[in-house]
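Visitor: I have a structure open and would like to talk it through with you. Could you look at it with me?

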Amino acid sequence: MKKKNVFDESPSTYEDIVNENISMSGLDITFFTKLKIDEFRRRLPSLGIGDNPRILDFGCGVGETLKYLKDLSNDVCGFDISLESADLAAKRNPEVSIFSSLKELKKEKEFDIIVIVNVLHHVPPEEREEFSTQCRNLLRSGGWIFVFEHNPLNPATRYIVSNCEEDKDASLLNRRALDSVFSSRDFQCSSVSYIGFFPFRPKLFRVFERFMFWIPFGAQFCYLVQKK
Ligand SMILES: C[S@@+](CC[C@H](N)C(=O)[O-])C[C@H]1O[C@@H](n2cnc3c(N)ncnc32)[C@H](O)[C@@H]1O
């Protein structure tokens with residue numbers, strides 16, 4: 001029988017649980033999702049991928065990131081190993097194809113971009129190589145992988161993760177750990193940008209943050225790697 005993951009237990013309350021955990025910052029899940037989408041959108045033009053890229057949201061959960069990705073392309077799919085989460089994501093995004101079976105997903109055409117948002121820290125270290133092989137096989141040659149992760153160097157991030165019930169299995173990754181996950185000779189050109197330095201909404205803070213991307217203390221980071 002398929003092993004239940006923590007996200008099978010309460011998909012409909014996922015956003016509430018995250019919001020409760022970050023409430024001390026005065027912010028909510030939407031704020032952090034939009035930070036990541038802004039970074040994704042900012043990096044997109046430099047990748048040499050045309051308009052309307054074919055995007056896979058790998059580990060889409062209940063569709064929190066997916067709902068913004070589908071505004072950037074009309075060729076977006078989602079995948080999650082949690083059947084309950086994938087079902088809810090499909091209900092919320094009926095125009096998007098959502099998979100919970102890797103076998104079915106593999107029948108799809110290769111993707112230009114795979115987005116992996118706050119997933120890898122839930123994948124046990126010994127399973128991460130297999131995870132990167134799965135992504136590599138779904139990506140076209142020259143395609144890109146965007147990984148967004150919690151930054152273990154940020155003390156507020158560490159505090160929130162250590163107090164979050166959904167993160168009880170989490171093992172955070174830094175840039176070096178991600179380099180080793182994507183160390184196959186089929187990958188090249190990794191780069192990192194840090195985001196989420198200021199827990200304040202006004203847009204002026206986003207302008208400052210754009211110049212701070214190289215400082216390794218943002219709450220989250222974006223790791224970008226290309227398949228040869
Ligand atoms: C913190 S949630 C993030 C959900 C979504 N990416 C978002 O932006 O809200 C992590 C998700 O990763 C999924 N996940 C964990 N291990 C996975 C794996 N090996 N393959 C696919 N999804 C996985 C979980 O089921 C869960 O839905």
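Visitor: What radius of gyration does the chain have, and what would a compact globule with 228 residues have?

Guide: Bear in mind that this is a predicted model. With 228 residues, a compact globule would have a radius of gyration near 17 Å, and the chain agrees with that because its own value is 17 Å. Taken along the principal axes, the C-alpha atoms fill a box of roughly 45 × 40 × 35 Å.

Visitor: And what percentage of the residues count as buried?

Guide: Of the 228 residues of the chain, 37% count as buried. As for contacts between residues at least 6 apart in sequence, 69% of them join residues that are at least 24 apart.

Visitor: OK, secondary structure. How many helices and strands are there?

Guide: The chain comes to 10 helices and seven strands. The seven strands form an open sheet with mixed pairing, and their order across the sheet is β3-β2-β1-β4-β5-β7-β6. Its edge strands, each of which pairs on one side only, are β3 (97-99) and β6 (187-195). On average, neighbouring strands of this sheet are turned by 20° against each other, with direction ignored.

Visitor: Is β7 mostly covered or mostly open?

Guide: Strand β7, residues 220-227, is mostly covered, with six of its eight residues buried.

Visitor: Switching to the ligand: which residues come nearest?

Guide: The ligand has 18 residues around it, and those that come nearest are Gly59, Gly61, Glu64, Ser82 and Val117.

Visitor: And how does that shell divide into nonpolar, polar and charged?

Guide: The shell around the ligand divides into eight nonpolar residues, eight polar residues and two charged residues. If you compare this with your own residue classes, note that Gly is counted among the polar residues here.

Methods. Residues numbered from 1 in each chain as written. Predicted model: local features only at pLDDT ≥ 70, side-chain atom pairs only at ≥ 80, totals over all residues. Near = placed C-beta within 6 Å. Pairing = 2+ DSSP bridges. Helix = DSSP H or I, 4+ residues; strand = E, 2+ residues; numbered from the N terminus. Axes fitted to C-alpha atoms, helices over the stretch in contact; angles between N-to-C directions. Rg over C-alpha atoms; globule rule 2.2 N^0.38 Å. Buried ≥ 20, exposed ≤ 12 C-beta atoms within 10 Å, placed from the backbone. Contact = placed C-beta atoms within 7 Å.
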